[in-house]
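Please open the model in your viewer and keep the selection panel at hand. The tour below goes from one selection to the next and says what is found at each stop.

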Amino acid sequence: MFAAGAFALLVALVLALARAILGPTVFDRLQAANTVGTVAMLMLAVLGFLGGRPEFLDLALVYGLLNVVGTIAVLKFFRYGDLGEPGEDAEPRT
Amino acid sequence: MNLAPDILSWACLVAGGAFCVIGALGLVRMPDFYTRVHAAGIVDTAGAGLMLLGMILQAGFSLIAVKLLMIGLLILFASPTATHALTKAALARGLAPLLAPGEDPSKP
């Protein structure tokens, strides 16, 4: 049954990848990249069970953390054009 | 070997995989960025939650289940944050949502 789950995740991965390639705006591509990250995380967990090596779950955790940080960082870059920008929510500099 | 948790976990895994495929299909087929975000939410909530629940049922009461629970919590907190930031950035950039023909975009 883990093989069926892994296959479904592969299909979802291919569809999200298609959106990342097609996407007309940069936000479509980012959303697709975020979905690919989530699906890859689940894929790592399922593959760990499939191969009888549940140590893969640690890799899935690290991958999820990196996915979030990467999405927010790229988003900030495309919104302000600079990673060091404080943004509109921050206190104005005196 | 008791059969009931196995059958339950298999059902959860298959349903989670189906929800993942449905969400990714929506990501491809939806007409507009904001509706695509809506479709991607299915993958993050129903798909991931059901698959993780199925794997927790397979793992039983152990450290593996705790790790799977941590992954689920991470997805639960991180995915809405990323989606919120994404749509806020898209609105700030001036990406207009697709509206019905007679609708006025200035009125929410």
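A residue counts as buried here if 20 or more other C-beta atoms lie within 10 Å of its own, with C-beta atoms placed from the backbone. Bear in mind throughout that this is a predicted model.

Begin by selecting residues 26-50 of chain A, which form helix α2. Of its 25 residues, 19 are buried, so α2(A) is largely enclosed by the rest of the structure. If you place a distance between its end C-alpha atoms, you will find them 35 Å apart, which agrees with the 36 Å that 25 residues should span at 1.5 Å a residue. Following α2(A), select A:Gly52, whose phi is positive, near 70°.

Finally, bring chain B into view and select the place where the chains meet: 39 residues of chain B are in contact with 36 residues of chain A. On the chain B side, α1 (4-29), α2 (33-59) and α3 (63-93) each supply at least two of the residues that touch chain A, and the largest share, 16 residues, comes from α3(B). Coloured by class, this side of chain B shows 31 nonpolar, four polar and four charged residues.

Notes: Residues are numbered from 1 along each chain as its sequence is written. Chains are lettered from A and ligands numbered from 1 in the order in which they are written. This is a predicted model: local features need pLDDT of at least 70, side-chain atom pairs count only at pLDDT 80 or more; totals for chains, interfaces and linings use all residues. Two residues are in contact if their C-beta atoms, placed from the backbone, lie within 7 Å. Helices (H or I, at least four residues) and strands (E, at least two) are DSSP runs, numbered from the N terminus. Ala, Val, Leu, Ile, Met, Phe, Trp, Tyr, Cys and Pro count as nonpolar, Asp, Glu, Lys and Arg as charged, and the others, Gly among them, as polar. The expected span of a helix is 1.5 Å times one less than its number of residues. A residue is buried if 20 or more other C-beta atoms lie within 10 Å of its own, exposed if 12 or fewer, and partly exposed in between; C-beta atoms are placed from the backbone.
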